[in-house]
Amino acid sequence: MAVPKHKTSKQRTRTRKANWKICKPTLAACKKCGELKTPHTVCRHCGYYGEEPVIEIKQDKED
């Protein structure tokens with residue numbers, strides 16, 4: 001098993017860890033309703049995945 005010969009400096013460690021950033025998710029428009037959703041997932045607004053209905057969305061009653 002490989003063992004480091006020298007201690008890794010603080011600067012080298014922190015430089016490497018600085019590249020772990022939070023990035024915004026990729027969004028795509030739903031083909032059925034046009035709402036933004038993440039790619040390759042079921043649309044939460046209409047329940048379609050591509051051209052097929054996958055889940056049935058219950059409509060909330062508005063009083």
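Thr41 is partly exposed, its relative accessible area being 29%. The term denotes values between buried (under 20% relative accessible area) and exposed (over 50%), computed with a 1.4 Å probe on protein chains only.

The side chain of Thr41 reaches the backbone oxygen of Thr38 at 2.5 Å. Between the C-alpha atoms of Thr41 and Cys30, which are 11 residues apart along the chain, the separation is 9.7 Å.

## Cysteines

With a disulfide taken as a pair of cysteine sulfur atoms within 2.5 Å, the count comes to 0. For Cys33, the closest cysteine sulfur is that of Cys43, at 3.7 Å, which is too far for a bond. Cys43 is accordingly in no disulfide.

Cys33 is partly exposed, with a relative accessible area of 31%. Cys43, by contrast, counts as buried, at 1% relative accessibility.

## Confidence and conventions

The chain has an average pLDDT of 89, and 95% of the residues score at least 70; pLDDT is the predictor's confidence in each residue, from 0 to 100. Confidence is highest in strand β2 (residues 36-37), with a mean of 96, and lowest in strand β4 (residues 52-53), with a mean of 88.

Residues are numbered from 1 along each chain as its sequence is written, and side-chain values use heavy atoms, leaving out hydrogens and water. Because the model is predicted, local features need pLDDT of at least 70 and side-chain atom pairs count only at pLDDT 80 or more, whereas totals for chains, interfaces and linings use all residues.

Note on methods:
Helices (H or I, at least four residues) and strands (E, at least two) are DSSP runs, numbered from the N terminus. A polar contact is a pair of N or O atoms within 3.5 Å; within protein, one must be able to donate a hydrogen and the other to accept it, and residues adjacent in sequence count only if both atoms are side-chain atoms.
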